[in-house]
Amino acid sequence: MPHIALDENLPGITALFAYRPETAAPLGQLAEVLLRGPSSLSVGERELIGAVVSRGNDCTFCSRSHAAVAAEALEGGMPVVEAAWKDVDGAPVSAKVKALLHVALAVRESGKSVGGELIEMARAEGATDVEIHDTVLIAAAFCMFNRYVDGLATLAVDDQDAYRETGVRLLEHGYTNL
């Protein structure tokens, strides 16, 4: 049961965006830039970062919805996401993405958990400074989104199949029209 009066037909952040459209616009734009803007990281890789951070934060809505987008965008689909949720090092993604996922998970714990060793590991796997920057910012933004969604106890279905349509829609239309 949400802590405030939200549209009961809208799950997660979509209900919050409907509740406060004036805050929805800049938050949607932030997500659009981070996840869809120009980047040497693919949309699927950036969505995977968001899904892994959200899973680590135990945010059902964000982990499942961004997993659905990542699954649509990544070769290998949902098994890739599930593998990354289970064990980053065992996931069928590049060594660079694994290193960036470790950076993102450190951000999830605390910004100060991102040590020089993690950054050097990412660089050794070919990550650029821009990719490291964007990974940290994506992870930090998802921590905020996760706390926003769960802090107001929004509704979320705990069935991955229920998010497939959302994943397709977000992949096709992005985040500025939520």
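1. Helix α4 is mostly covered, with eleven of its 14 residues buried (buried means under 20% relative accessible area, exposed over 50% and partly exposed in between, with a 1.4 Å probe and protein chains only). Helices here are DSSP runs of H or I with at least four residues, numbered from the N terminus. The buried residues of α4 are F61, C62, S63, R64, S65, H66, A67, A68, V69, A70 and A71. Their cover includes α1, α2, α3, α5, α8 and α9, where contact means heavy atoms within 4.5 Å.

2. The model is a predicted one, in which local features need pLDDT of at least 70 and side-chain atom pairs count only at pLDDT 80 or more, while totals for chains, interfaces and linings use all residues. Residues are numbered from 1 along each chain as its sequence is written, and side-chain values use heavy atoms, with hydrogens and water left out.

3. From its first C-alpha to its last, α4 reaches 20 Å, close to the 20 Å expected for its 14 residues at 1.5 Å a residue; the expected span is 1.5 Å times one less than the number of residues.

4. The largest nonpolar core contains 56 residues, and L48, V81 and L101 have the most contacts inside it. Such a core is a set of buried Ala, Val, Leu, Ile, Met, Phe, Trp, Tyr and Cys residues joined through side-chain atoms within 4.5 Å. At least two residues of this core come from each of α1 (12–19), α2 (21–36), α3 (43–56), α4 (60–73), α5 (78–86), α6 (95–109), α7 (116–124) and α8 (129–151). Leaving aside residues up to four places away in sequence, L101 touches L48, I49, V52, A84 and V88.

5. The axes of α2 and α3 come within 8 Å and cross at roughly 125°; axes are lines fitted to C-alpha atoms, for helices over the stretch in contact, and angles run from 0 to 180 degrees between N-to-C directions. V33, L34, L35 and R36 of α2 meet V43, R46 and E47 of α3.

6. Two residues deserve a check of their backbone. Most residues other than glycine have a negative phi. D58, which is not a glycine, has a positive phi of about 60°; D58 is found in the loop between α3 and α4 and, at 62% relative accessibility, counts as exposed. A153, also a residue other than glycine, has a positive phi near 55° and lies in the loop between α8 and α9 (164–173).
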